[in-house]
Amino acid sequence: MPQRTSDSSRPVIEVEGLRASWGGQPVLHDVDLSVEAGEIRVVMGGSGSGKSTLLRYLLGLHRPDAGTVRLFGEDISRLGRRDMLALRRRIGVSFQGGALFNSMTVGDNVCLPLREHTRLDEHTIRIMSRMKLEVVSLAGFEHLMPSQLSGGMVKRAALARAIVMDPDILFFDEPSAGLDPVVAADLDALILRLREAMQVTIVVVTHELDSAFAIADRITVLDQGRILMTGGVDEVRNADNERIRNLLTRTATDTEVDVDDYLERLTQGVGPQ
Amino acid sequence: MTFAVQDSNGFAVVQLCGEIDLRNSPEARKLILTSLKKQKHVMVDLSAVEYIDSSGVASLVEGFQYARANDLEFGLLGVSEAAMNVLRLARLDQVFPIYDSLDDRLSHGG
């Protein structure tokens, strides 16, 4: 498949030694990640695994404590405002809740990036946005307000907006969350079609196993801010690692208790009677 | 990137090449619409197109719409696989008249 990215020999996304913390608590520990052009990479993990946090760092929304995030070969923490804006034009994000503007129609939401970032003729902009609504099966819904859409339709409208600029990288945050299985499977099929047609690199953050296995070229499994493994679908399915087995079989684990540490947490500032 | 228009067998053949994206799709749009506004039938040759984004495809849609509204012919020639994938995504492969080449179009009559 031909690639749009000028240097398709190097990974589109390169993360090295990424460390991050919230409120002094480490949330990502020396994360390394490399995503090739045209790949669909699923970042999978349970609640609190750090997958959504990792996404925020990939988008350049926060500065890491240590390590680098490179998109298209550029260390994003070193980019000035203008270069970062230019880079963001090459990225589409489909947020979990849609993040549509409720005061705008669906059509205006989808047109927004084009009106903000291009000088295209308004006719062209409207045709482009309607094409993308066709792609996500929302043709004819452009005049509705987001509040008039179902949950699945909001996600598809958000996707139409995310792809309206024909991004080189498309990020999805929990695309299937809250959708019934049929709608979720339709969305998976759409993600695969987008990759094929738009030659786009796709990163999907999800805890939905069926979706991950349906669309991924490779899966990165995150657990407690650390990468447990990166591998193909079968490698992950057959992994011996107990934490991964637990994630796949959805069984709760008893975390090891450090008695001193645990008592300290419960009794800090409370003197013995 | 310079695109060209050539008159051939009663058609203005608009030749696009390379990557058609936000930077140069307005030029493609202008060439297509200018030819149509001269009341010429238009064929857009995509055989040398390596990539076309949706702003480029939107220009083709706009040209086709103008042609239909003004009883002019509009079609695409030599659509590459990369371009066809983009057209298929929005089912536009079922909308545009598509030919292998101008000879192919001429042999179809019309």
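Colleague: Leaving aside its neighbours within four places in sequence, which residues is Ser49(A) in contact with?

Modeller: This is a predicted model. In it, Ser49(A) touches Leu222(A), Asp223(A), Gln224(A) and Gly225(A). Ser49(A) itself sits in the loop between β3 (40-44) and α1 (51-58) of chain A.

Colleague: Is Ser49(A) buried or exposed?

Modeller: Buried means under 20% relative accessible area. Ser49(A) has 3% relative accessibility, so it counts as buried. Its side chain also reaches the backbone oxygen of Gly46(A), at 2.8 Å.

Colleague: In what order do the 4 strands of the open sheet in chain A stand?

Modeller: The order is β2-β1-β4-β5, with antiparallel pairing. β2 (25-35) and β5 (74-75) of chain A are at the edges with a single partner strand each, so each has one side without a neighbour in the sheet. Strand β1 (residues 13-22) of chain A is joined to β2(A) by 7 bridges; in β2(A), Val35(A) is the bridge partner of Ile13(A).

Colleague: How many residues of chain B are in contact with chain A?

Modeller: 20 residues of chain B meet 22 residues of chain A. The area buried between these chains is about 1800 Å², with 64% from carbon and sulfur atoms. Tyr51(B), Ser54(B) and Leu89(B) supply 35% of the area that chain B buries against chain A, more than any other three residues.

Colleague: How many salt bridges are found across the interface of chain B and chain A?

Modeller: The rule finds 2. One of them joins Glu134(A) and Arg91(B), whose closest N and O atoms are 2.9 Å apart. On the side of chain B that touches chain A, α2(B) gives the largest share, 6 residues. By class, that side has 11 nonpolar, 4 polar and 5 charged residues.

Methods
Residues are numbered from 1 along each chain as its sequence is written. Chains are lettered from A and ligands numbered from 1 in the order in which they are written. This is a predicted model: local features need pLDDT of at least 70, side-chain atom pairs count only at pLDDT 80 or more; totals for chains, interfaces and linings use all residues. Side-chain values use heavy atoms; hydrogens and water are left out. Helices (H or I, at least four residues) and strands (E, at least two) are DSSP runs, numbered from the N terminus. Buried means under 20% relative accessible area, exposed over 50%, partly exposed in between (1.4 Å probe, protein chains only). A polar contact is a pair of N or O atoms within 3.5 Å; within protein, one must be able to donate a hydrogen and the other to accept it, and residues adjacent in sequence count only if both atoms are side-chain atoms. Contact means heavy atoms within 4.5 Å. Two strands pair if DSSP finds at least two bridges between them. Buried area is the accessible area (1.4 Å probe) that two parts lose on being put together, summed over both. A salt bridge is a side-chain nitrogen of Lys or Arg within 4 Å of a carboxyl oxygen of Asp or Glu. Ala, Val, Leu, Ile, Met, Phe, Trp, Tyr, Cys and Pro count as nonpolar, Asp, Glu, Lys and Arg as charged, and the others, Gly among them, as polar.
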